[in-house]
Amino acid sequence: MKQLVRVSKVFLMDVAHALYGYDGPCKNIHGHTYRLTVTVKGYPLDEAYHPKLGMVVDFSQIKKIVFENILAHFDHALVLNKNSPHSTMDELLKSEFEKIIFLEKQPTCENLLLHFNNVLTPLIPDNLQLIYMKLEETPTSYSEWFAEDNG
């Protein structure tokens, strides 16, 4: 009997952000070393003599997808709310820094996680299902996304 297996890969990235209008210290530009966990599920390959025999997915495949579509853009970037006055400084910031990202929403841990999920979901191979993501902003603070909670 075939059994589903969950496979996870963890990624680290350094990201700065500011929460415009927030009533605490996070309204200032500051950074975190985020830890992103991506979990997919699928069936281990059971084709005899296949080089990927026994794998749900080659970890390098997940690494490539996440690196090219998340880390390459967000690692060592400054992320700001597009709807804040910061956006008026777009040209000035981009003239001094290479990686400035303006999100449609406040760049909270929760919204970053949802953004990453929206980016990755259509890129996951058809034989897999993205079922879980976790974004740790600090060792004690994180957001989680579960496919089962979202239909």
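Strand β2 (residues 30-42) pairs with strand β5 (residues 129-138) in the antiparallel sense, over seven bridges. Strands here are DSSP runs of E, at least two residues long, and helices are runs of H or I, at least four, numbered from the N terminus. Two strands pair if DSSP finds at least two bridges between them.

This is a predicted model: local features need pLDDT of at least 70, side-chain atom pairs count only at pLDDT 80 or more, and totals for chains, interfaces and linings use all residues. Residues are numbered from 1 along each chain as its sequence is written, and side-chain values use heavy atoms, leaving out hydrogens and water.

**Strand partners**
- E136 has Y142 in β6 as its bridge partner.
- A hairpin is formed by β5 and β6, with two residues between them.

**The whole sheet**
- Six strands make an open sheet with mixed pairing, in the order β4-β3-β1-β2-β5-β6.
- β4 (100-103) and β6 (141-146) are the edge strands, each pairing on one side only.
- From one strand to the next, the twist averages 30°.

**Helices on the sheet**
- Helix α1 (residues 59-74) packs on the sheet and touches β1 (5-17), β2, β3 (77-81) and β4.
- Contact means heavy atoms within 4.5 Å.
- The direction of α1 makes about 20° with that of β1.
- Helix α3 (residues 109-120) also packs on the sheet, touching β1, β2, β3, β4, β5 and β6.
- The direction of α3 makes about 150° with that of β5.
- Axes are lines fitted to C-alpha atoms, for helices over the stretch in contact, and angles run from 0 to 180 degrees between N-to-C directions.
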